[in-house]
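Subject: Structure handover and notes

Dear colleague,

Please find the structure below, followed by my notes on what was found in it. I would be glad if you read the notes with the coordinates open beside them.

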Amino acid sequence: MGKKLLKFFILFCVLWYKVPDCEAGPFTKEEKKILKTQPPFSIVIAHPEGFIGERLFLGGEIAQVQNLPDRSLMEVIHKPLSRSFKVPLSTDLSYGRFIVSTKKFLDPSIYTRGKSVTVIGRLSRVQRGIIGQRPYNYPVISASHIHLWSESY
């Protein structure tokens with residue numbers, strides 16, 4: 001009985017030790033590779049037209065959600081991502097805003113203002129808009145993956 005318990009304990013320790021080597025969080029290794037090749041968001045926001053078609057991995061804080069008949073649009077205030085889980089950091093640092101476009105319905109009672117979100121998708125176009133009374137050019141990301149973070153991540 002003691003040897004079985006010892007074997008179980010060793011197996012448990014080996015598996016537990018391997019957890020940090022696994023891809024933690026909701027993103028695959030392949031998705032995380034996008035981060036290594038994409039330009040910084042500060043460059044994308046300065047010249048978004050030059051990055052149309054590029055696949056991006058971005059995060060931030062939801063500003064608002066708008067549901068249209070054929071898609072949902074989510075305005076996101078950019079935030080840098082953590083190194084480990086790719087969670088948007090809680091900081092005042094931001095290089096601007098972007099819009100996430102998806103054919104999925106984004107329930108505005110769930111995707112609420114202030115919640116953290118991480119998005120993977122292609123920059124599809126630049127959309128003119130207004131923040132307050134100031135004109136703004138939003139990069140629009142056609143999302144392939146949207147992850148809404150719980151407040152306890």
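Which element gives the most to the lining of the largest pocket? Strand E1 does, with three residues.

Before the details, a word on conventions. This is a predicted model, in which local features need pLDDT of at least 70 and side-chain atom pairs count only at pLDDT 80 or more, whereas totals for chains, interfaces and linings use all residues. Residues are numbered from 1 along each chain as its sequence is written, and side-chain values use heavy atoms, with hydrogens and water left out.

Overall picture

The mean pLDDT (the predictor's confidence in each residue, from 0 to 100) of the protein chain is 85, and 83% of the residues reach 70 or more. Over residues 5-23, however, the pLDDT is below 50, and this stretch has three contacts in the model beyond near neighbours in sequence, a contact being heavy atoms within 4.5 Å.

The protein chain has three helices and five strands, and from the N terminus on these run α-α-α-β-β-β-β-β; helices (H or I, at least four residues) and strands (E, at least two) are DSSP runs, numbered from the N terminus. Of the 153 residues in the protein chain, 36% are buried, where buried means under 20% relative accessible area, exposed over 50%, and partly exposed in between, with a 1.4 Å probe and protein chains only. Among contacts between residues at least 6 apart in sequence, 62% join residues at least 24 apart.

The two pockets

A pocket here is an open set of points on a 1 Å grid over the protein atoms alone, where a 1.4 Å probe fits, with protein on both sides within 12 Å along at least five of seven lines, and lining residues have an atom within 4 Å of a point. Grid points are joined across faces, edges and corners, and a volume is the space filled by probe spheres set on the points.

The largest pocket holds about 310 Å³ of space, and of the 18 residues that line it, the closest to its centre are Leu35, Gln38, His78, Pro80 and Leu81. Helix H3 (41-46) and strand E1 (55-67) each supply at least two residues of that lining, which divides into ten nonpolar, five polar and three charged residues. In this classification Ala, Val, Leu, Ile, Met, Phe, Trp, Tyr, Cys and Pro count as nonpolar, Asp, Glu, Lys and Arg as charged, and the others, Gly among them, as polar.

The second largest pocket has a volume of about 160 Å³, and its lining has six nonpolar, four polar and two charged residues. E1, strand E2 (72-78) and strand E4 (116-131) each supply at least two of the lining residues, with E4 giving the most, at four. Among the residues that line this pocket are Leu73, Met74, Ile99 and Tyr138.

Individual positions

Val100 is buried, with a relative accessible area of 0%, and, leaving aside neighbours within four places in sequence, Val100 is in contact with Ser72, Leu73, Met74, Val76, Val119, Ile141, Ala143 and Ile146. A polar atom of the Thr102 side chain lies 3.1 Å from the backbone nitrogen of Lys104.

Gly96, in the loop between E2 and E3, counts as buried because its relative accessibility is 14%. Beyond neighbours within four places in sequence, Gly96 is in contact with Phe41, Val76, Ile77, His78 and Tyr136, while its C-alpha atom is separated by 9.8 Å from that of Gly60, 36 residues apart along the chain.

Ile52 and Val126 are 74 residues apart in sequence and 8.3 Å apart in space, C-alpha to C-alpha, and the contacts of Ile52, leaving aside neighbours within four places in sequence, are with Leu123, Ser124 and Arg125.

With best regards

Key: Polar contact = N/O pair within 3.5 Å; in protein donor to acceptor, adjacent residues only side chain to side chain.
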